[in-house]
Amino acid sequence: MISWGDMMKTLFKMFRTMGKGQKRLLKIVGAFFLLCIVVVIVLGVMNNRTHSYASMESKLLAAAKDYYNDNKDTLPVQESGKVSVNSEKLIELKYMKEFSKYNKNAEDCIGNVTVMNNAGQYLYVPSLKCANYKTLTLYDKILEEQTVTEGDGIYEMYGDYIFRGEYPNNYVKFANQLWRIMRLTSKKEIRLIQVKTNVNGTWDNRYNIQTKTNSGITDYEISRINAKLNQLYEETFSEKDKMYIISQNLCIGTRKEKETRNDGSIECSTLTKKKYPVGAIQANEYMIPSLDFNCRFQTDSSCTNYNYMTKFDKAFWSITTSNLNNYQAYYINDGVERTDASRTKYYQMVIHLNGEIAFKGGKGTEEEPYEIY
């Protein structure tokens, strides 16, 4: 019996006795067979590949975008208008394969993509439902984990879900920075306040005929603070970020210092005529998080107790103004205080995210904030 070593020696001798043309031909044939083997291996790997559910969500999303790119006339024209397309239609029209082609365990999966007109931009929100998997939104994830009736956490109040206490897990990472979630609204929106800012300025510094000085005029829609916040919005958020931010008619009602109502009815008694993508905190939103029963009105020192709002390290403007005159506004600084609008305080942005944004990970802590796709 010829050994493997003897066989190799024989083949090597044969190769040496070949002419140049024969050697070249043999090399080409060998390279061809080697390429065939590589292709077979790659195809085998691809055919046996199991896509993750997150990957299938991405394919569902891409298919919906291709579909609406070919059917632009079906997209919603009115702001906040919505349309949707399901996976059955996308599969039938050949925009994607059946889910079982991506994952052998996904035969029972059904998908849907909702498209919303958000200030002229289209936000695509995919949803996948399988026997062992369901797309989880940030809104649903928070309610699943943190709803409480006492202590730090999120409370059902005034028709919304509101974070309260000194150390609630309400941090979220968005646009490459940290925010704190103030509330989940009944409209399935998530209201956030910026954690850190380095930008300051006046609420307004126009000439006021009542004071005969540049003490400012507290008319929000033509104020310096409104202009500055909208400038910061343009500088801070990418076009992708903006797709998730929902514009609002902002609450700009005036407030008296000894007002005890903190449900927002005072502030929201007057709304801006236009919708804005960014605003500032309302005075009542400083009071609500406090778990101290002695926090009755905004100037009570007890409102600083058991209240995460005291964790901000700079004095910053609220959107709320005084009912006593047209030149003073409230700011947050270990409580709610009143001052002339022409004074300098920091600008802390407040925005609303679409609650259908998909949850990616995190625990809501400062070290491990919620993350979104």
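1. A residue is called buried here when its relative accessible area is under 20%, exposed when it is over 50%, and partly exposed in between, using a 1.4 Å probe and protein chains only. The structure is a predicted model, in which local features need pLDDT of at least 70 and side-chain atom pairs count only at pLDDT 80 or more, while totals for chains, interfaces and linings use all residues. Residues are numbered from 1 along each chain as its sequence is written, and side-chain values use heavy atoms, with hydrogens and water left out.

2. Confidence, expressed as pLDDT (the predictor's confidence in each residue, from 0 to 100), averages 89 over the protein chain, and 87% of the residues score at least 70. Residues 39–49 stay under 50, and for this stretch the model has one contact (heavy atoms within 4.5 Å) beyond four places in sequence. Where pLDDT is low, the predicted coordinates should not be read in detail.

3. On overall make-up, the protein chain has nine helices and 18 strands, both taken as DSSP runs numbered from the N terminus, with helices being H or I of at least four residues and strands being E of at least two. Of its 373 residues, 45% are buried. Among the contacts with a separation of 6 or more, 60% are between residues 24 or more positions apart. The accessible surface comes to about 20400 Å², of which carbon and sulfur atoms hold 51%; the areas come from the Shrake-Rupley method with a 1.4 Å probe, and for residues only the protein chains shown count as cover.

4. Beyond its neighbours within four places in sequence, Leu138 is in contact with Val172, Ile190, Gly355, Ile357, Ala358, Phe359, Tyr370 and Ile372.

5. Thr137 sits in the loop between β3 (121–129) and α6 and is buried, with 7% relative accessibility. Its side chain reaches the backbone nitrogen of Asp140 at 3.1 Å, which is a polar contact, that is, a pair of N or O atoms within 3.5 Å; within protein, one must be able to donate a hydrogen and the other to accept it, and residues adjacent in sequence count only if both atoms are side-chain atoms. Leaving aside neighbours within four places in sequence, Thr137 is in contact with Gly355, Glu356, Ile357, Ala358 and Phe359.

6. The structure holds 14 salt bridges, each a side-chain nitrogen of Lys or Arg within 4 Å of a carboxyl oxygen of Asp or Glu. One of them joins Glu144 and Lys141, whose closest N and O atoms are 3.7 Å apart; both residues belong to helix α6 (residues 138–146), where they are three residues apart, about one turn of the helix. Glu144 is exposed at 55% relative accessible area, whereas Lys141 is buried at 12%.

7. A further salt bridge links the side chains of Lys188 and Glu356, at 3.7 Å from N to O. Lys188 is in the loop between β7 (177–184) and β8 (189–194) and Glu356 in the loop between β16 (350–354) and β17 (359–361), so this pair ties together parts that are 168 residues apart in sequence. Both ends are partly exposed, Lys188 at 31% and Glu356 at 29%. Asp140, Lys188 and Glu356 are linked in a network of salt bridges.

8. Asp300 and Arg296 also meet through their side chains in a salt bridge, at 3.5 Å from N to O. Here Asp300 is buried, with a relative accessible area of 12%, while Arg296 is partly exposed at 49%.

9. Arg338, in strand β14 (residues 336–340), is partly exposed at 30% relative accessibility. Side-chain polar contacts join Arg338 to Glu257 at 2.8 Å and to Gln328 at 2.5 Å. Setting aside neighbours within four places in sequence, the residues in contact with Arg338 are Glu257, Ser322, Leu324, Gln328, Ala329, Tyr330 and Tyr331. Between Arg338 and Trp317, which are 21 residues apart in sequence, the C-alpha to C-alpha distance is 9.9 Å.
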